[in-house]
Amino acid sequence: KPEYLLGEVVVKRRHLTVYPPFPALIFGRNFDFVAVEWLSMQNPQANFTPDKPRLPGQKYPGLGMGEMVMEILAIMAGRLRTAGLLNVPEHFHNAQMYSSQFRFIDPVYEAKRLAISRDLLNLYSLSKVSWAIELDCVSENDSVFQWKASEQIIPLDRDLKDYFKSPDYR
């Protein structure tokens, strides 16, 4: 029954060709990823609290197992010999929570995540920042900042790992 659902995951193999602004090392190459299409981890019998407030998109509090589940999925991606694990975070807080392992393929998106982290997460909680973005209360260059979902990956391919370490990306 939906009121007892703790977790749900949908993954598929996804083919991705990378284009500019990527360097010659990976430009135009095709990569296969294990793509997380949908992931839900929740406790439908728990309540939100001041310590664990509701985040955009949540119906119930999370289980706190995101890193562990992503690690299992990354192991699966490795065993399937793919270039990595791919995720498209729907909300800022998803991208931020996964940022210990994932990087946005596009360095501009990664830079925006880092800037928000630097400028706002030092002052406000992740919940407040994520809601502020959701409710159009964050500005970027005198305009409302719009969160756009974009691909994040955990790279397993050597060339992709090198790309994320490169000065061009950083």
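Let me start with R13, which counts as partly exposed because its relative accessible area is 48%, on a scale where buried means under 20%, exposed means over 50% and partly exposed lies in between (1.4 Å probe, protein chains only). Everything I show comes from a predicted model, in which local features need pLDDT of at least 70 and side-chain atom pairs count only at pLDDT 80 or more, whereas totals for chains, interfaces and linings use all residues. Residues are numbered from 1 along each chain as its sequence is written, and side-chain values use heavy atoms, with hydrogens and water left out.

The side chain of R13 meets that of D32 in a salt bridge, at 4.0 Å from N to O, the term being used for a side-chain nitrogen of Lys or Arg within 4 Å of a carboxyl oxygen of Asp or Glu. By this rule the model holds 5 salt bridges. The R13 pair links distant parts of the chain, since R13 sits in strand β1 and D32 in strand β2, 19 residues apart; strands (E, at least two residues) and helices (H or I, at least four) are DSSP runs, numbered from the N terminus. D32 is partly exposed as well, at 30%.

A second salt bridge joins R14 to E151, with the closest N and O atoms 3.0 Å apart, and here strand β1 is linked to the loop between β6 and β7, across 137 residues. R14 is partly exposed at 24%, and E151 is partly exposed at 23%.

Strand β2 (residues 30-41) pairs with β3 (residues 84-87) in the parallel sense over 4 bridges, and the bridge partner of V34 in β3 is L85.

Now the aromatic rings, where rings of Phe, Tyr and Trp (its six-membered ring) pair if their centres lie within 6.5 Å, planes under 30 degrees apart being stacked, over 60 edge-to-face and the rest tilted. The count comes to 8 aromatic pairs by this rule. F31 and F33 have ring centres 6.3 Å apart and planes at 45°, so the pair is tilted. The pair of F104 and Y109 is also tilted, because its centres are 6.0 Å apart and its planes stand at 40°.

Is S150 buried or exposed? At 9% relative accessibility, S150 counts as buried. Leaving aside neighbours within four places in sequence, S150 is in contact, meaning heavy atoms within 4.5 Å, with N87, V88, P89, F104 and Y109.

Notes:
Two strands pair if DSSP finds at least two bridges between them.
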